[in-house]
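Let's take a friendly walk through this model, with the sequence and the coordinates side by side. Keep your viewer open as you read.

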Amino acid sequence: MPIIEDLFSLKNKTALITGAIGNLGKVFCDTLCELGADLYILDIESSDLQRRAIKLQKKYNNQVVPIACNLEHEEERDSVIDKIKKNRNSLDIIVNNAAFVGASNLDGWSVPFEQQSLETWRRALEVNLTSAFHLSQGLTPLLKKSESGSIINISSIHGCYGPDWSLYEGTKMSNPVAYAASKGSLIQLSRWLATTLAPTVRVNTISPGGISRDQPKPFVERYENRTPMGRMATEEDFRGVIAFLASDASSYITGQNIMVDGGWGVW
């Protein structure tokens, strides 16, 4: 019978992580490397991507391959799929973490609903939903060759619940419909894939609550008052859940959406 350490081990396994140089992506990369996995780390073209790969290799002595890709573009995603297929006979884990989160100065994004644009809607869905579908579909043949294939999609509480607009009063923060709709759809994509790819590949979702990133003080106070755990999340709060879903510790779990939200959704 395997012991807990063996269940969580990712030695001799390979993972693809998108959005790898973002705040959550860095934690996911560190965690899977610490457990023994080799990585393909994917993000937009940046010198930080290469430096990140070198740092991970030195720290963990794992193979880490950086791949520059703008997930808005189908042809670049095709190139990623082809590259991994040429280099690997199998793939064990995909973490669809990359997200289009926009910016307050992006046209048609952090504005009233009536002013939110079709262009930003399309861009958000392309990155947050279509890229996860595309990479999962293209790499499914490799996942099926693994003895424990796992797809992990990163959604959000905003994909599960409507926005509480009182949190945002007096700030420049917003909650665009395209982000919420794309993240909600990602959860349903996970459910659909879970029944379709079973029993050879498991598919699950993680839905983070609000993560502390220097938001305006009034927002933070309101958010924390509404959260049973009394605080916003940190990136470190997601190490355990990504290790669990990537490993054989969750070998009988598929089609689930794990809320890591400090109890936000219990009210």
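This is a predicted model: local features need pLDDT of at least 70, side-chain atom pairs count only at pLDDT 80 or more; totals for chains, interfaces and linings use all residues.

## Tyr223 and its ring partners

Tyr223 forms a stacked aromatic pair with Trp264, with 4.4 Å from centre to centre and 15° between the planes. Tyr223 belongs to helix H7, whereas Trp264 sits in the segment after strand S7 (257-260), so this pair ties together parts that are 41 residues apart in sequence. Trp264 is buried as well, at a relative accessible area of 8%. Over the ring of Trp264 you will find the charged end of Arg226, 3.8 Å from the ring centre.

A search of the whole structure gives 5 aromatic pairs. In one of them, Phe219 and Tyr223 have ring centres 5.9 Å apart and planes at 35°, so the pair counts as tilted. These two residues are 4 apart in helix H7 (residues 217-226), which means that about one helical turn separates them. An α-helix has 3.6 residues a turn, so residues three or four places apart point the same way. Phe219 is buried, with a relative accessible area of 5%. If you select Trp165, Tyr168, Phe219, Tyr223 and Trp264 together, you will see a cluster linked by ring pairs.

Is strand S1 (residues 14-18) enclosed or open? Its residues are buried, 5 of the 5, so the strand is largely enclosed by the rest of the structure. Thr14, Leu16 and Thr18 point one way from S1, while Ala15 and Ile17 point the other way, and all are buried. In a regular strand the side chains alternate between the two faces of the sheet.

S1 has parallel partners to look at. Strand S2 (residues 38-43) runs parallel to S1 and is joined to it by 5 bridges, with Ile17 standing opposite Ile41 of S2. Strand S4 (residues 93-96) also runs parallel to S1, through 3 bridges, and here Ala15 stands opposite Ile93. Trace the chain from S1 through helix H2 (residues 23-34) to S2 and you follow a right-handed β-α-β unit.

In soluble globular proteins, nonpolar side chains tend to be buried together. In this model the largest nonpolar core has 33 residues, and Leu16, Ile84 and Leu139 have the most contacts inside it. Among the elements that give two or more residues to this core are S2, strand S3 (64-68), helix H4 (74-87), helix H6 (177-197) and strand S6 (201-208). Helix H5 gives the largest share, 8 residues.

Not counting residues up to four places away in sequence, Leu139 touches Leu16, Ile81, Ile84, Lys85, Leu91 and Ile94. A second, separate core has 31 residues, including Ile21, Ile93, Ile211 and Ala246.

His134 lies in helix H5. Is His134 buried or exposed? With a relative accessible area of 11%, it is buried, because the cut-off for that label is under 20%. Leaving aside neighbours within four places in sequence, His134 is in contact with Glu74, Arg77, Asp78 and Ile81. The C-alpha atoms of His134 and Lys13 are separated by 22 Å, and these residues are 121 residues apart along the chain.

Lys144 also lies in H5, but it counts as partly exposed, at 44% relative accessibility. Which residues does Lys144 touch, not counting those up to four places away in sequence? They are Leu197, Thr200 and Val201. The C-alpha atoms of Lys144 and Ser90, 54 residues apart along the chain, are separated by 7.6 Å.

## Helix H8 and what surrounds it

For a last stop, turn to helix H8 (residues 239-246), where Val241, Ile242, Ala243, Leu245 and Ala246 are buried. The buried residues of H8 pack against helices H1 (4-8) and H2, and against strands S4, S5 (149-154), S6 and S7.

Conventions:
Residues are numbered from 1 along each chain as its sequence is written. Side-chain values use heavy atoms; hydrogens and water are left out. Buried means under 20% relative accessible area, exposed over 50%, partly exposed in between (1.4 Å probe, protein chains only). Two strands pair if DSSP finds at least two bridges between them. A crossover is right-handed if, with the strands pointing away from the viewer, the path from the first strand over the helix to the second runs clockwise. A nonpolar core is a set of buried Ala, Val, Leu, Ile, Met, Phe, Trp, Tyr and Cys residues joined through side-chain atoms within 4.5 Å. Contact means heavy atoms within 4.5 Å. Rings of Phe, Tyr and Trp (its six-membered ring) pair if their centres lie within 6.5 Å; planes under 30 degrees apart count as stacked, over 60 as edge-to-face and the rest as tilted. A charge sits over a ring if NZ of Lys or CZ of Arg is within 6 Å of the ring centre and within 35 degrees of the ring normal.
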